[in-house]
Structure formats: C-alpha cells, structure tokens
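Please keep the structure in view while reading.

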Amino acid sequence: MKALTDLTLIVRRTDEVGELIREIELVRPDGAPLPPFEAGAHIEVTLPEGGHNAYSLIDFAGDAAAPAAYLLGVRREDAGNGGSRFMHGLQAGDRLDATGPKNHFPLDDGQGPVLLLAGGIGVTPLIAMASALTARGRDFRMVYASRSPAAAAFADRLVAAHGARIQLHHDDQAGGPVPVAELIAKADPAAHVYVCGPKPMIDATRAAMEAAGRADAQFHAELFENTSHEAGDRPFEVEIASTGQVITVPADQTIIEALEAAGVDLVYDCQRGDCGICQTDVLEGTPDHRDVVLSKEERDSGKVMQICVSRALSDRLKLDL
Ligand code: FES
C-alpha cells in the first residue's frame, strides 16, 4: 500500500454551499502544490479530540495531477463524532493536520459507460469522477439525489460543467426517493455503477444490480455514514481461532475496537465497511453484516465478514485470526 503523506493545511476559504453543508478550501502554508490524487480519493483530517474523519477530494477543474488546493464538502452531522462540527467551525487562516490522499473508491480503467449515483453529500467523490470521465472522453451520466434543492450542494456547478449528463432528483418534489431499481434496469448492461451516499441507497443499488444480473465487478460503493452501531445492539463473544482466546465485544464497541483493546493485531483501514481490507473468515457463528463490500452470495454464505462494522446474530463468532 502506498505510504501516506502527513499534511499540514491552512484554510484558505470556507463557504456555505447548501443546507448544513460547507465547502472548505485547503492549501499548504507555503502555497506549494499538494500531492496529486485520483478521482474517488480522500484525505483524513485529524480531529482535535483524537481520531480522524475522511473527506473526499472534490475536483471540478480536472487539475488533480498538481492541485494548488484541496476542496472538501462537509455536511454537519450533529449526532456524529464532533468532526463535522469542528470542520464547520473552521475559518480562513486556521490550520489543521491531515494524512493522504488515499483512494478506496477508484474508477475502473475500462472504456465502457458509467452511471454515477450520488446521495446527498455522497456527491463529493463523484464530482471528481465526472471531471475524470470527461477528461478521458468516457460516456457517463450522474443522478444526484437530495432531499430538496437547498440540500443539493454543488448541483449548479455540476450542471454548468456537464449539462444534460447530470440529472437532479429532489425527494420533496419527486414525492419520494430516487427510483434506483428503475435507473439500474434502464442503464446500459455494460455500465459500471459508482454509488456514494447513505446505506439504504447503496443496498438498493447493489440489490438492483444483482437482480439485473450485472457482474459484481460493475458495482462500486463508498459509504458516507458509520453503520457499526444501531439501536438494540447487544454484546457478543469473539473466539480467536489461532489462540482460543475469547473476547467480549460490548454493545458500544466494534469487533476491531474490542480485539485491539485485548492486544490482538489487526489489519484495517476505512472502518466504515467499504474498503474491504478488514475482511475476515468466519469459522463458526452467524455474522450481522453491515458493510457495503460483500456480495449477496458472500453475505448469505456467512463465511466471511468485515469486522470493522459488522456484528453477530449468534452469541459467539469464531474468527480465522
Ligand atoms: S476497514 Fe474497511 S471494510 Fe473494514
């Protein structure tokens, strides 16, 4: 895996661009060019309280090869970990630390058509994809779904840049969510589909792709929420197959958090269930899948799981660790 770059960044500009959404432009303190990135990439901003939040890099200008600035779009999530409130409090001249860029959501390098499906602030990585696809001369269409026109940040710039390739869907005007199954059924059967947004939209897209008989390789997703905890979560046990050690995963911790606290070495990255890196074989027990990586077949097999977000339906899981 490519080594990550530590970045010190200065806020050059921050503007409100939609309901609860701010656009934040970041530069190096000396104004030098920032590391290049590819469409779908993100940086991880270090939060003052510890931890980090991942933010996709927006690219309208097609200058991701030598960017003078990084542009982020951040929606304020009052129920979140405080990271988005910190980002919304930034002002011009403030300094922050970050690492990256890295990319769990790259474009395939084929030549066939592409359908980009954006849900809310999940539009941000897809903006760079639209620019990259245009630069490559590759056929694409974007459907950008939001609750209302006021929530559709960046929509005007997308339409100005790509015209009729951008289709806007506002739930309040359409009377409901974007009809994903219909979009997939009508899309070119060879199209690669990139979806970024809330989990129900990603799940609906995957289900529609599977129902339409599309290949797994044509489906690409990035999740813009953390699905590791839900109301009613309960503790369960994890048995480490190689050592026989049994560790309890409390209701408010992930498997990774509980195992690391017990001294188990693990490999992981996104901790959102979309990069696939923490995938682990399940030897016994029934996983409660909450990722967007596994295919229906893999989920139904119960033999593999993403331990960053998924939990257990059984009292114990025996994992091949
Ligand atoms: S760490 Fe990325 S899917 Fe688990």
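**The whole chain**

The model is predicted. Its chain has 8 helices and 18 strands. The C-alpha trace spans about 60 × 50 × 35 Å along the principal axes. Why can the chain be compared with a compact globule? A compact globule of 321 residues would have a radius of gyration near 20 Å, and the chain has 20 Å, so the two agree. Of the 321 residues, 42% count as buried.

**Domains**

The domain assignment divides the chain into domain 1 (5-102), domain 2 (114-223) and domain 3 (236-319). The C-alpha centres of domain 1 and domain 2 are 23 Å apart. How many residues of domain 1 are in contact with domain 2? There are 15, and they touch 17 residues of domain 2. On this side of domain 1, the elements that give two or more residues are strand 1 (5-18) and strand 5 (70-75). By class, the side of domain 1 that touches domain 2 has 7 nonpolar, 5 polar and 3 charged residues.

In general, strands of a sheet pair through backbone hydrogen bonds, either parallel or antiparallel. Two of the pairs in this sheet are listed here.

| Strand pair | Direction | Bridges |
|---|---|---|
| strand 12 (236-240) and strand 13 (246-249) | antiparallel | 4 bridges |
| strand 14 (279-284) and strand 16 | antiparallel | 3 bridges |

Single bridges can be located by residue. Phe236 has Val249 in strand 13 as its bridge partner. For Thr280, the bridge partner in strand 16 is Met305.

Strand 12 and strand 13 form a hairpin with 5 residues between the strands. Which residue of this hairpin takes a positive phi? It is Gly244, with a phi near 80 degrees.

How values were computed:
Residues are numbered from 1 along each chain as its sequence is written. This is a predicted model: local features need pLDDT of at least 70, side-chain atom pairs count only at pLDDT 80 or more; totals for chains, interfaces and linings use all residues. Domain bounds come from an automatic or database domain assignment. Two residues are in contact if their C-beta atoms, placed from the backbone, lie within 7 Å. Ala, Val, Leu, Ile, Met, Phe, Trp, Tyr, Cys and Pro count as nonpolar, Asp, Glu, Lys and Arg as charged, and the others, Gly among them, as polar. Two strands pair if DSSP finds at least two bridges between them. The radius of gyration is taken over C-alpha atoms; the globule rule is 2.2 Å times the number of residues to the power 0.38. A residue is buried if 20 or more other C-beta atoms lie within 10 Å of its own, exposed if 12 or fewer, and partly exposed in between; C-beta atoms are placed from the backbone.
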